[in-house]
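This report describes selected local features of one protein chain. The sequence and structure come first, followed by the details.

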Amino acid sequence: MAATAVQNAEEKVLCDKAFTEELVDKLNELRKDNTLCDVTLQIEGQNFSAHRCVLSAASQYFRSLFTSGFKENKDFTIVLQDTKPAVLSEALRFIYTGEALVNATNAQDLVKIADYFIIPRLKTKVSKYLEECIDVTNCLALESFADQFGCESLKQAASEFNLKNFISVVKSEDFKTLNIEKVKQLISHDEIIVSKEEDVYEAIVSWVKHDTLSRECLFSELLKCLRLFSLSKYSLQQILKEELVLKSRTCLSILHEGLNFFFSPDCFLSLSLKPRACLSMMEPVIILTGGHTERIGLDQKVRVNTHCYLLSKNSWVSLPKMPFPRTRHGAAVCCGQLYVVGGKPEPPACTFNPIKNKWTVMEGEAAIRQHCSVTALNEELYVIGGDKHLKRVDKYNPSLDEWKAVASMKTARASHCAVVVENLIYVLGGCGYSGCLKNVECFNSSANHWADRPNMIVARQFAGAAVLCGKIFVAGGYSDKACKTLEATCEMFDPLQDQWSLVSSPVVPRAACAMISFDDYLYLFGGEDADWSKHDSVECYDVKNNKWELCGTMPGKLACVQASLLLLPKKYINDLDTFETQ
């Protein structure tokens, strides 16, 4: 009966993983002990014993070598070139055990030897490791390496990193050494992530000027890769002043054609003008952060809200609230993200990622201060002055997540304004030891040096400031240290003429207001009057007609609110409920 039962039992495959692992370990021991080994691999005078059958099972290269008519089929010693003993040792370890020690030093060599020996699994494993190591300093080199050795997944990962981090990548040393074809390939791509087309132009100029003598003849070829219709008219006019452009008739012709888009847009209706994908999917909006409301008794509510002003619809949407309430702070956009720094009651800095629709808390004592100014230059954040740090200036590098002190201002100040013009940071007015200030100084980041500039016409603190058409505009503020005398005027600084002049004043005199520029307009938000009553009005300034006019109201009455221009995904905007104000 028992025999019959066995005969009728279902057939089954037995699997013993422990036995397999033990067999692998035993084979590796035989290799290490040079037991039953029938071939020696030699590199730089070092010998590595192995078994032909094991090598042939793991590598198509060795299988062909040992089963063909090559002389190596009979040789007991095979001399190898173009690798290192340590790399060969790890390759053999992988062949025998499926394991290999990979690090930043040997990873690319392991890919090369895996490619040469035709060991796909080793090549794939090490390529995956390299994908995890991609950063700004190596992404271009890894993309080229992956292309050379047929690592498609690594190549795609490096390429996607280059596109998503274009602004940081083009500042790397590897970008400066690319050949013209690689540069064209990168800057022509639809998928590069930029905040504006001007970022691509700046990348082109930096590449050419890295070796002007041999590269200026290629400038016009790269200019053709620009989406000139995506540049602002002001930017085109400024580019026309670039020495590289002025020296080339071809470049001048290309840029004049770009200007024609603004002067004769009807002539371009039949053409397919395609902006970068990121720009076509993003919409510029004005983000208001923090601030405080009217005082009720001893209570003054500090806001945690983040309101978004849709310029295209003249309406508002609410974004996720900041991690902490704050007022008397600074804010700026850097590397496509909004940074909010300092303020009362001394909360840590935080950053808003518009793609993820998420706030993240930052670290660093440099960011804990009140009445500071915050601005961005060359994809780095500058936190300037403020209470307890009146002269101090700190720089934050987002790609390195690193804070660093730079040269201090010449004048101690808080409650001031800071803007960027022509690669210089201008700091305007504020309040110092002697009272309300009218003096101005500018910072050259390349020289790490501050220099005095012409004084403003009026001393002012808690003013609003912005740059429009290459000129600095400063509006409102208090003209005394006690914040009792309201300054109603608006003045403009022209860097070319190196002088200040008064322009028309805002409709509503205000201090502790927020100011931002977009296209040919300035926008002024909120603030307070001489008795510290808060405003909710919004007004805009038409630079062509030198005229201010009221254009709406904010979601609430706020002072010391900050305004920042940020690109927000259109899809996300469409999913939000807008609300209009009277």
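## A buried serine

A residue is called buried under 20% relative accessible area, exposed over 50%, and partly exposed in between, using a 1.4 Å probe and protein chains only. By that rule Ser-564 is buried, because its relative accessible area is 3%. Ser-564 belongs to strand β31 (residues 562–569); helices (H or I, at least four residues) and strands (E, at least two) are DSSP runs numbered from the N terminus.

Contact means heavy atoms within 4.5 Å. With neighbours within four places in sequence left aside, Ser-564 touches Val-285, Ile-286, Ile-287, Ala-331, Ala-332, Val-333, Leu-338 and Ile-516.

## Basis of the model

The model is predicted: local features need pLDDT of at least 70, side-chain atom pairs count only at pLDDT 80 or more, and totals for chains, interfaces and linings use all residues. Residues are numbered from 1 along each chain as its sequence is written, and side-chain values use heavy atoms, with hydrogens and water left out.

Strands pair if DSSP finds at least two bridges between them. Strand β23 (residues 464–468) and β24 run antiparallel and are joined by five bridges, with Ala-466 opposite Phe-473 of β24. Strand β25 (residues 490–494) also pairs with β24 in the antiparallel sense, over four bridges; here Ala-475 stands opposite Cys-490. Strand β24 (residues 471–475) is largely enclosed by the rest of the structure, because four of its five residues are buried.

The hairpin of β23 and β24 has two residues between the strands. Cys-469, in that loop, has a positive phi of about 55° although it is not a glycine. At 28% relative accessibility, Cys-469 is partly exposed.

## Two other loops

Asn-546 lies in the loop between β29 (537–542) and β30 (547–553). Asn-546 is not a glycine, yet has a positive phi of about 50°; its relative accessible area of 35% makes it partly exposed.

The peptide bond joining Lys-344 and Pro-345 is cis, with omega about 10°. Pro-345 sits in the loop between β10 (337–341) and β11 (350–353).

## Helices α2 and α5

The axes of helix α2 (residues 17–32) and helix α5 (residues 85–97) come within 8 Å and cross at roughly 145°. Axes are lines fitted to C-alpha atoms, for helices over the stretch in contact, and angles run from 0 to 180 degrees between N-to-C directions.

Helix α2 contributes Val-24, Leu-27, Asn-28 and Arg-31 to the contact, and α5 contributes Leu-92, Arg-93, Tyr-96 and Thr-97.
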